[in-house]
Amino acid sequence: MALRDILILPDKRLRLKSEPVKTVDRALRKLIDDLFETMYAAPGIGLAAIQVGVPQRVITMDLAKKDEPRQPQVFINPEITWKADEHSTYEEGCLSIPEYYEEVTRPAAVRVKYLDRDGKPQEIDATGLLATCLQHEIDHTNGVLFIDHISKLKRDMVMKKFKKAAKKGEPVKPLAEDKEPSHHIG
Ligand code: K1U
Ligand code: ZN
């Protein structure tokens with residue numbers, strides 16, 4: 001396994017639409033292992049392959065609480081086949097937009113079809129954090145970021161901050177009004 005570098009805003013690769021996986025082989029399972037290692041080290045609760053610069057439709061996730069055993073989940077070629085009419089709001093963060101958290105409203109439940117680690121077709125009905133995280137990660141496979149779901153004013157402020165930091169080669173300092181995530185797992 002290997003730790004991979006996570007792309008940070010405004011890296012243009014984060015806007016790429018990822019390609020479907022053609023075959024679930026050894027090389028793909030190595031990528032999956034690397035995604036898990038990188039996600040756990042960050043730490044994060046989800047990671048899409050494009051966030052480490054690989055434009056393939058693969059996402060990893062683990063929503064286990066701190067005191068629970070790990071619950072690694074992998075979704076290959078995930079596709080939303082149904083969305084609830086009801087919506088819910090959750091404070092989201094993104095490993096590619098460090099130190100920035102904002103409330104995002106999305107469908108409260110989704111059905112997702114995908115391939116598992118063995119390349120077997122699966123389907124899952126998700127609610128709560130799983131539904132939010134799946135939508136956030138599937139957005140990544142389509143080059144969409146959670147800041148695309150917030151106001152233009154806030155998005156422009158975030159983009160400005162991250163572009164300035166990238167130019168200077170500095171890490172981004174938290175924005176004055178940024179809060180810590182309120183949804184700490186565990
Ligand atoms: O896709 C990513 O960048 C990962 C992101 C996933 C996500 C978080 C919140 C809502 C939707 C999707 C993260 O993991 S950000 C870090 C985070 O939320 C967290 C990290 C450690 C403990 C608890 C939460
Ligand atoms: Zn993200």
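Biologist: How are the donor residues of the zinc ion (ligand 2) spaced in sequence?

Modeller: This is a predicted model. The donor residues of the zinc ion follow the spacing C-x41-H-x3-H. C94 sits in the loop between strand 4 (87–92) and strand 5 (102–107), while H136 belongs to helix 2. They are 42 residues apart, so this pair links distant parts of the chain.

Biologist: What makes C94, H136 and H140 donors of the zinc ion?

Modeller: Distance and atom type. The atoms are SG of C94 and NE2 of both H136 and H140, lying 2.1 to 2.3 Å from the zinc ion. The cut-off is 2.8 Å for N, O and S atoms, so these count as donors.

Biologist: Why is C94 called buried?

Modeller: Its relative accessible area is 8%. Buried means under 20%, so C94 qualifies.

Biologist: And what makes H136 count as buried?

Modeller: H136 has 7% relative accessibility. That is under 20%, so the label holds.

Biologist: How do you know that Q51 makes a polar contact with ligand 1?

Modeller: A polar side-chain atom of Q51 lies 2.9 Å from an oxygen atom of ligand 1. The limit is 3.5 Å, so the pair counts. Taken alone, ligand 1 exposes 530 Å², and the protein buries 90% of that.

Biologist: Which element gives the most to the shell around ligand 1?

Modeller: Helix 2 (residues 128–141), with four residues. By class, the shell holds five nonpolar, seven polar and two charged residues.

Conventions. Residues are numbered from 1 along each chain as its sequence is written. Chains are lettered from A and ligands numbered from 1 in the order in which they are written. This is a predicted model: local features need pLDDT of at least 70, side-chain atom pairs count only at pLDDT 80 or more; totals for chains, interfaces and linings use all residues. Side-chain values use heavy atoms; hydrogens and water are left out. A polar contact is a pair of N or O atoms within 3.5 Å; within protein, one must be able to donate a hydrogen and the other to accept it, and residues adjacent in sequence count only if both atoms are side-chain atoms. Accessible areas come from the Shrake-Rupley method with a 1.4 Å probe; for residues, only the protein chains shown count as cover. Helices (H or I, at least four residues) and strands (E, at least two) are DSSP runs, numbered from the N terminus. Ala, Val, Leu, Ile, Met, Phe, Trp, Tyr, Cys and Pro count as nonpolar, Asp, Glu, Lys and Arg as charged, and the others, Gly among them, as polar. Donors are N, O and S atoms within 2.8 Å of the metal (3.2 Å for Na, K and Ca); water is not among the atoms, so sites may look incomplete. Buried means under 20% relative accessible area, exposed over 50%, partly exposed in between (1.4 Å probe, protein chains only).
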